[in-house]
Amino acid sequence: MIIVGLIGKTNVGKTTFFNAATLLEAEISNYPFTTKEPNEGIAYVHFRCVCGEFKVKDNPVNSVCINGWRFVPIKLIDVPGLIKDAWRGKGLGNRFISVAAMSDALIHVVDVSGSIDDEGRISKPGTGDPVQDFREVEQEIVKWYYQLLKKNSKYIAKWYRQTARIDLSIYRVLSGIKVSLEDVKSSLSEVGLAGKDFDSWKDDDFKSLAFHLRKRKPTLIVANKMDLPFAEENLRRLSEEYKEYIIVPCSAEAELALRRAEKRGLVEYVPGEEMFFVKDRGKLTRKQIWALEYVQERVLGKYFRTGVQQALDIAVFKLLSMNAVYPVADEKKLADGKGRVLPDVYLMSPGSTLQDLAAQVHSEIARNLICGIDARLGIRLPKNYRLRHRDIVKLVVALRKK
Ligand SMILES: Nc1nc2c(ncn2[C@@H]2O[C@H](COP(=O)(O)OP(=O)(O)O)[C@@H](O)[C@H]2O)c(=O)[nH]1
Ligand SMILES: [Mg+2]
């Protein structure tokens, strides 16, 4: 399962984002996902389901379809049990770093209203500087990559002497933290270290490699607390300063309020949509009315979305360029062996083939795969066909000999 991690300073709203994003799980899942750690949860990314295109009623199994939107589970991780104010700008600590290391993509949350001071304490909007906060956390992560390389330079040197391959030697140290050989290779060549003898590396070489390695981890910025004053001007500054990032304006608190209200049956709201409907105004307390009006005025009315669902979608479909693919057993009925229509969706990384899909579905199917059939075109697809977003494919397998 794809893992998206939340990073950022204390009190920027990571846990609020996490709680909002994972609230859907309890409600809609018919799939008993279990996560080992309390800071790991199931969130969903969504896209237009093909059920609308084919005008069929689907029977989702590994995912959910709401109003024609298919929601596919991913794993979201928050920094575990970080004690409030423990951060104090003095390094991120291992728990924080482990989130970054485990994740395929990162959502770096900043408090764009500047309502935390430089020690991470809640204060009045406009006090803190989100641009500075972002920079500090990023520097901290680069420093961590740097220290990891330095700490292991003995081993790197040893392997380098044995293999004369600097990329492989460094990769061996970093593979456990979701750095690919490709990441190492391209970082090395970007900083001009690919051909340099490792024994002659200077401190600056380690630093620039660390910097480029950090850049290889797909990351987007969530500009949180857009509902507060000073957010818009800070967002403008942040966008000026960090043009190379996708920045998603967000109000995690608003999303949490909407999903909670939805859960209690007070409103109709589908995550990611631009509106919600109050079911029965008479049932709302004054406080609830105030909260929903606040969400409407300060968030949806201005920015159309809360940004939580959008950030997750962007992380998976834009940063990671995942393709959602539907395997079926019957390409005419679009159903599985039990007659369930469009039961499953798999998120496949770019370049994945039909064979890769088969491997995800079942090892038996992978072993006996002959070809595929494209449900839209009715044509045969070879095993090495590269899957595309919203493909519906029948996996054709050889009959087992008795
Ligand atoms: N106004 C506003 N407050 C928020 C928002 N998101 C989080 N907060 C508040 O910011 C504080 C810190 O949030 P939390 O999620 O615990 O931050 P974390 O330390 O990054 O996990 C809490 O009081 C939240 O209610 C938001 O979008 N808008
Ligand atoms: Mg937290």
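A salt bridge is a side-chain nitrogen of Lys or Arg within 4 Å of a carboxyl oxygen of Asp or Glu. The legends below describe a predicted model.

**View 1. R390 and E53 form a salt bridge.** The closest N and O atoms of R390 and E53 are 3.9 Å apart. That value falls within 4 Å, so the pair counts as a salt bridge. R390 sits in the loop between β13 (380–381) and β14 (392–397). E53 belongs to helix α2 (residues 51–54). The pair therefore ties together parts that are 337 residues apart in sequence. By the same rule, the model has a count of 28 salt bridges.

**View 2. The protein chain is assigned three domains.** Domain 1 is written in two pieces, 3–126 + 218–317. Domain 2 covers 141–216. Domain 3 covers 323–397. Taken over C-alpha atoms, the centres of domain 1 and domain 2 are separated by 34 Å. Domain 1 brings 12 residues to the contact, and domain 2 brings 6 residues.

**View 3. Domain 1 and domain 2 bury area between them.** The buried area is about 760 Å². Carbon and sulfur atoms account for 58% of this area. Which three residues supply more than any other three of the area that domain 1 buries against domain 2? They are I97, A101 and P218, which supply 49%.

**View 4. D104 and K178 meet in a salt bridge.** Their side chains come together at 2.9 Å, N to O. How many salt bridges does the rule find across the interface of domain 1 and domain 2? The rule finds 1. On the side of domain 1 that touches domain 2, β1 (3–7) and α3 (93–102) each supply at least two residues. The largest share of that side comes from α3, with 4 residues. By type, the residues of that side divide into 9 nonpolar, 2 polar and 1 charged.

**View 5. Ligand 1 has 17 residues around it.** Which of these come nearest? They are N11, K14, T16, D227 and E253. At N11, a polar backbone atom is 2.7 Å from an oxygen atom of ligand 1.

**View 6. The side chains of N224 and K225 approach ligand 1.** For N224, a polar side-chain atom lies 3.1 Å from a nitrogen atom of ligand 1. For K225, a polar side-chain atom lies 3.1 Å from an oxygen atom of ligand 1.

How values were computed:
Residues numbered from 1 in each chain as written. Chains lettered and ligands numbered in written order. Predicted model: local features only at pLDDT ≥ 70, side-chain atom pairs only at ≥ 80, totals over all residues. Heavy atoms only, no water. Domains from an automatic or database assignment. Contact = heavy atoms within 4.5 Å. Buried area = accessible area lost by both parts, 1.4 Å probe. Nonpolar A, V, L, I, M, F, W, Y, C, P; charged D, E, K, R; others polar. Near = heavy atom within 4 Å. Polar contact = N/O pair within 3.5 Å; in protein donor to acceptor, adjacent residues only side chain to side chain.
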